[in-house]
Amino acid sequence: MRKKSSFLILVLLFWWAFQANAQTTPESDAYNQDNIIEFAQSFLGKPYIFGGTTPKGFDCSGFIHFVYKHFDVNVPRTSSSYSDFGREVNLEDCQKGDIILFTGTNYNRSVIGHVGIVISDQGEPLRFIHSSSSGKHRGVTITEYHKSGYPKRYLGVRRI
């Protein structure tokens with residue numbers, strides 16, 4: 001009887017640990033690409049503020065950090081920290097929720113200086129949401145990649 005009780009307790013502990021972990025991983029219901037995109041889009045038009053991390057104003061990485069934090073997913077706070085974060089994927093294989101990486105406004109420096117969240121499905125024109133410091137599209141905005149100046153700044157895509 002004691003062995004059965006110990007075994008049952010062990011099974012229950014494993015089940016509890018699995019359930020607790022499943023609630024904060026990308027496989028959970030709360031964390032899915034559509035929810036992330038919908039939440040991110042609710043901030044369209046919010047202003048760009050250098051160093052901003054709240055709906056009062058975001059910089060690019062502050063916006064990404066804020067969005068993913070809402071889903072209990074830890075991502076880097078600074079754009080440069082994305083170089084080794086997640087898994088690298090090809091531009092052609094990117095999907096909703098992936099982080100797209102660009103140089104800053106100085107195209108000659110191949111250092112990550114800007115980030116966005118891919119919002120389009122594969123097969124659709126590539127679009128991403130980001131907090132832009134551009135005078136033309138300042139703040140949280142959606143950009144169609146191929147109809148913008150971003151291809152010359154492209155550095156990679158990371159999957160969380």
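**Helix against sheet.** I began with helix 3 (residues 60-70), which lies across strand 4, strand 5, strand 6 (127-132) and strand 7 and runs at about 40° to strand 5. Helices (H or I, at least four residues) and strands (E, at least two) are DSSP runs, numbered from the N terminus. Axes are lines fitted to C-alpha atoms, for helices over the stretch in contact, with angles from 0 to 180 degrees between N-to-C directions; contact means heavy atoms within 4.5 Å.

**Ground rules.** I noted that this is a predicted model, where local features need pLDDT of at least 70, side-chain atom pairs count only at pLDDT 80 or more, and totals for chains, interfaces and linings use all residues. Residues are numbered from 1 along each chain as its sequence is written, and side-chain values use heavy atoms, with hydrogens and water left out.

I traced an open sheet of six strands in the order 3-8-4-5-6-7, with antiparallel pairing. Its edge strands are strand 3 (87-89) and strand 7 (139-144), each of which pairs on one side only. From one strand to the next the twist averages 35°. Two strands pair if DSSP finds at least two bridges between them. For strand 4 (residues 99-103) and strand 5 (residues 112-118) I found antiparallel pairing over five bridges. Leu101 stands opposite Val115 in strand 5.

**Tyr154.** I looked up Tyr154 in strand 8 (residues 154-159). Tyr154 has a relative accessible area of 25%, so this residue is partly exposed; buried means under 20%, exposed over 50%, and partly exposed in between (1.4 Å probe, protein chains only). Leaving aside neighbours within four places in sequence, I listed the contacts of Tyr154 as Val89, Leu91, Ile100, Leu101, Phe102 and Tyr145.

**Aromatic pairs.** Rings of Phe, Tyr and Trp (its six-membered ring) pair if their centres lie within 6.5 Å; planes under 30 degrees apart count as stacked, over 60 as edge-to-face, and the rest as tilted. By this rule I have 13 aromatic pairs. Phe39 and Phe43 are edge-to-face, at 5.0 Å centre to centre and 80° between the planes. Phe39 counts as buried because its relative accessibility is 18%, and Phe43 because its value is 10%. Phe128 and Tyr150 are also edge-to-face, at 5.2 Å and 90°. This pair links distant parts of the chain, with Phe128 in strand 6 and Tyr150 in the loop between strand 7 and strand 8, 22 residues apart. Both Phe128 and Tyr150 are buried. Last, I noted a cluster joined by ring pairs: Phe39, Phe43, Phe58, Phe63, Phe66 and Phe71.
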